[in-house]
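I record below what I looked up in each case.

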Amino acid sequence: MASSVLSRALFAHRFLQSSSTHFHKPKFFTSIFSKRSFHSLLAPSHLSHKASGSAYCSMTSSAVASQASFSMQSVPTNEPVVSVDWLHANLREPDVKVLDASWYMPDEQRNPLQEYQVAHIPGALFFDVDGISDRISNLPHMLPSEEAFAAAVSALGIENKDGLVVYDGKGIFSAARVWWMFRVFGHDRIWVLDGGLPKWRASGFDVESSASSDAIFKASAASEAIEKVYKGQRVGPVTFETRFQPHLVWTLEQVKENVEEKTYQHVDARSKPRFDGVAPEPRKGIRSGHVPGSKCIPFSQMLDGSQTLLPADELKKRFEQEGITMDRPVITSCGTGVTACILALGLHRLGKTDVPVYDGSWTEWGAKDDTPRCIVLRIG
């Protein structure tokens, strides 16, 4: 059964790769859903160490979300994650919805939709990170407009009263991005599943093979709703109302200002070689290096060996080792705005719940000729 599901999803994916029906399709954007591919996707329901050297620089709505009916008393107020045991115990609660937000780097050659169909947490909906994004920007999976996000999330069947648990196939990776997205649009009733699908399966909890036609329909409808909004077309009823939180997302201009003013401590989640500029960027046309004044804390330092979020004391130690203090504001970035959200997740556990993410991150900054950058010169 799994192999037949995989074949259908693979066929749909290959079909999409040859399709050019997207509106204003940017260079980096690839959604796994399109109107033409929907029926192909239907399936029956079944069950760091520091490098030596010196740095060189070349210079829609205002409605308030209603309270959910279920109890979250077992989850601390400022806690951004829930355990697999908690989710297993609360999985059938009517106002708990689970999102599979798996996303992978292009060079990993992993297809999140295929993997979702083969195995996912029972009842989980699929959240397409590349699809629920700005369809006009030429940058990958940029934050969509309020109207587009509300339309897509409503198509998934999500309401403001819902408590959301989001996970991914790595442990804690792209799920943190979706956690941040919902918070940007005013929904704080969202948590990341600590350890993700790997931890869930390692704990012996059941997964579903294949996805129901309803789940695939909703995911496809979300992608179609995004396209309609950017085309100026009418969409279906909106059940999710946004309250945009501008302080949680930064633009290129804000980062430029911060280079001069140094008000915020800037932390980069990329690997140290990429940050130092000694390793090439994975995307063509992007210069190497980092934003002047920023510090490097690779996102992996937020996690333990089982890909769960470190305890608060360990997280604090990681930041303090790089000179980041908790008494000053922090801005995070990375390559394309995904792993920067893992740093924000760790800082949230430390009580810093207002950390903005630079959405364009290094893919935007490094592609421009007029943005200053630093590289590390290795001597000897």
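Before reading any strand partners, I note the criterion: two strands pair if DSSP finds at least two bridges between them. I also note that the model is predicted.

Entry: I looked up the strand order and found an open sheet of 5 strands, arranged 2-6-5-3-4 with parallel pairing. Strand 2 (81-82) and strand 4 (125-126) stand at the edges with a single partner strand each, so one side of each has no neighbour in the sheet. I then asked how many bridges join strand 3 to strand 5. For Lys-97 I looked up the bridge partner in strand 5, and it is Leu-164.

Entry: the largest cavity. I read its volume as about 40 Å³. In its lining I found Arg-274, Glu-281, Pro-282, Arg-283, Ile-286, Gly-335, Thr-336 and Thr-363. By class, I recorded 2 nonpolar, 3 polar and 3 charged residues in this lining.

Entry: helix 5 against helix 8. Helix 5 covers residues 146-155 and helix 8 covers residues 213-230; I found that they pack at an angle of about 155°, with axes 7 Å apart. Angles over 145 degrees count as roughly antiparallel, and helix 5 and helix 8 are therefore roughly antiparallel to each other. I noted the crossing of this pair as right-handed.

Entry: helix 11 against helix 12. I looked up helix 11 (residues 312-321) and helix 12 (residues 340-349), whose axes come within 9 Å and cross at roughly 120°. That angle makes helix 11 oblique to helix 12. I recorded the crossing of helix 11 and helix 12 as left-handed.

Conventions
Residues numbered from 1 in each chain as written. Predicted model: local features only at pLDDT ≥ 70, side-chain atom pairs only at ≥ 80, totals over all residues. Heavy atoms only, no water. Helix = DSSP H or I, 4+ residues; strand = E, 2+ residues; numbered from the N terminus. 1 Å grid on protein atoms, 1.4 Å probe; cavity = no way out; pocket = protein on both sides within 12 Å on 5 of 7 lines; lining within 4 Å. Points joined across faces, edges and corners; volume = space filled by probe spheres on them. Nonpolar A, V, L, I, M, F, W, Y, C, P; charged D, E, K, R; others polar. Axes fitted to C-alpha atoms, helices over the stretch in contact; angles between N-to-C directions. Parallel < 35°, antiparallel > 145°, perpendicular 65-115°, else oblique. Left-handed = near helix turned anticlockwise from the far one by under 90°.
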